[in-house]
Amino acid sequence: MPTPRILSGIKPTGKPHLGNFFGMMQPAIAWQERGEAFYFIADYHALTTVHDPAALREYTRGVALDFLACGLDPARAVLWRQSDVPEVTELTWLLSCVTPMPMLENCHAYKDHVAREKVPSHGLFAYPVLMAADILLFDSNIVPVGRDQKQHVEVTRDIASAFNRLYKSDLFVIPESSILPTVATIPGLDGQKMSKSYGNTIELFDEEKTMRKKIMSIITDSTPVEGPKDPATSSILGLYRLVAEESAILQMEEEFRIGGVGYGDFKKRLFGTLWEYFAPQRARRAELERDPGHIDRVLADGAHRARAVAEKTMARVRAAVGLK
Ligand code: ADP
Ligand code: TRP
């Protein structure tokens, strides 16, 4: 099999949280060993919600810093800022012209917006087309994402197939999503999917006090200390399973079932393990922060490498549709 091309993006809409890390960043980092990895910070996408220029710049750098601290290796993976490769917006238009409106009306972000009686922007409506352009511009085979993004990869496949059929060509590679079942949906402080839009997140690099406070605020039922508790539905265990050793997980599950330990104690144990789990990443992050020029160099080099691929694809696509 030829070397797979792996691509994924993350929006700079805040600081990366545990859902982003386990759902997307960690799988993406693992993939960089197994193929040509292309990862970007989706600042065009973030503009659907972030309208503060200083915040957008800060989040963008912050996401790059956190991704590098977590092990993204710029020698193996290409890391760039989406807006540094503006070809993607041109491709978005070409794809838009073959994308049926009903397909986009069916997408969950748009539907949720309408259900909440908010007026969606055209950008929010067209969001999946920009995402399709991200993926198709780089001939991507595999797209590691959390479960919430699966529908967008399906849309990408449909748009690519429609385009290939219309122009009687194999112009675009048909991509597949890669979703690890164990981390498909990471629970947040309130038990719902962890998400910036729900305000239930635990950021990767919070201060110790802040992270402890957040863990201690995880919502639980009111089972007393001595009562047996349900290990299947608990967010405490859901998060503990991601960071603890197998034997420690089995022990906590057993203590849930038997009763006799309160939620407060479980939370303290979760905090301790989580804090320790991210210690190497914190050290690396502190080191990276000492050389702010490093991030700029990584992003500039990434933009250069990504753009070389994008230009080739666009030349091919322009020719196929009759623009050249
Ligand atoms: P948010 O929902 O907080 O705005 P993003 O949409 O920026 O997060 O997500 C970036 C990446 O992280 C995507 O691949 C997404 O699937 C993944 N991700 C986000 N939250 C979770 C979660 N709770 N569980 C698993 N993956 C997640
Ligand atoms: N839409 C993704 C999210 O909200 C981010 C993203 C943009 C992306 N373009 C992408 C992910 C291309 C994978 C591939 O998380």
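How many residues does helix α14 have, and how far does the helix reach from its first C-alpha to its last? In this predicted model, α14 covers residues 292-321 and has 30 residues. The helix reaches 43 Å, close to the 44 Å expected at 1.5 Å a residue. Several of its residues are buried, among them I295, V298, L299, G302, A303 and A306. Further along α14, V309, A310, T313, M314, V317 and R318 are buried too. An α-helix has 3.6 residues a turn, so residues three or four places apart point the same way. Just after α14 comes G322, which takes a positive phi of about 100°.

Helix α3 was examined in the same terms. It spans residues 53-69 and has 17 residues. From first C-alpha to last, α3 reaches 24 Å, close to the 24 Å expected at 1.5 Å a residue. At the start of α3, a side-chain oxygen of D52 comes to within 3.0 Å of the backbone nitrogen of A54. The buried residues of the helix are A55, L56, T60, V63, A64, L65, D66, F67, L68 and A69. Just after α3, G71 takes a positive phi of about 120°.

The next topic is the domains. The domain assignment of the protein chain gives two entries: domain 1 (5-185 + 292-321) and domain 2 (206-277). The C-alpha centres of domain 1 and domain 2 lie 34 Å apart. Six residues from domain 1 and five residues from domain 2 take part in the contact. About 400 Å² is buried between domain 1 and domain 2. Carbon and sulfur atoms give 82% of that area. Between the two domains, the count of salt bridges is zero. One residue pair is in polar contact across the interface, with both residues at pLDDT 80 or more.

Salt bridges do occur in the model, and the count comes to 22. One of them joins K193 and D148, whose closest N and O atoms are 3.1 Å apart. K193 lies in the loop between β5 (176-178) and α9 (208-216), and D148 in the loop between β4 (142-144) and α8 (150-166), so this pair ties together parts that are 45 residues apart in sequence. K193 has 31% relative accessibility and therefore counts as partly exposed. D148 is also partly exposed, with a relative accessible area of 29%.

A further salt bridge joins the side chains of R241 and E253, at 3.0 Å from N to O. R241 is in helix α10 (residues 235-243) and E253 in helix α11 (residues 246-258), so the pair, twelve residues apart, links distant parts of the chain. E253, at 15% relative accessibility, counts as buried because the cut-off is under 20%.

Helix α11 also holds E255. The side chains of E255 and R269 meet in a salt bridge of 2.7 Å, N to O. R269 lies in helix α12 (residues 263-277), so the pair ties together parts that are 14 residues apart in sequence. E255 counts as buried at 17% relative accessibility, whereas R269 counts as partly exposed at 27%. Elsewhere, salt bridges that share partners join E33, D73 and R76 into one network.

Definitions and conventions:
Residues are numbered from 1 along each chain as its sequence is written. Chains are lettered from A and ligands numbered from 1 in the order in which they are written. This is a predicted model: local features need pLDDT of at least 70, side-chain atom pairs count only at pLDDT 80 or more; totals for chains, interfaces and linings use all residues. Side-chain values use heavy atoms; hydrogens and water are left out. Helices (H or I, at least four residues) and strands (E, at least two) are DSSP runs, numbered from the N terminus. The expected span of a helix is 1.5 Å times one less than its number of residues. Buried means under 20% relative accessible area, exposed over 50%, partly exposed in between (1.4 Å probe, protein chains only). Domain bounds come from an automatic or database domain assignment. Contact means heavy atoms within 4.5 Å. Buried area is the accessible area (1.4 Å probe) that two parts lose on being put together, summed over both. A salt bridge is a side-chain nitrogen of Lys or Arg within 4 Å of a carboxyl oxygen of Asp or Glu. A polar contact is a pair of N or O atoms within 3.5 Å; within protein, one must be able to donate a hydrogen and the other to accept it, and residues adjacent in sequence count only if both atoms are side-chain atoms.
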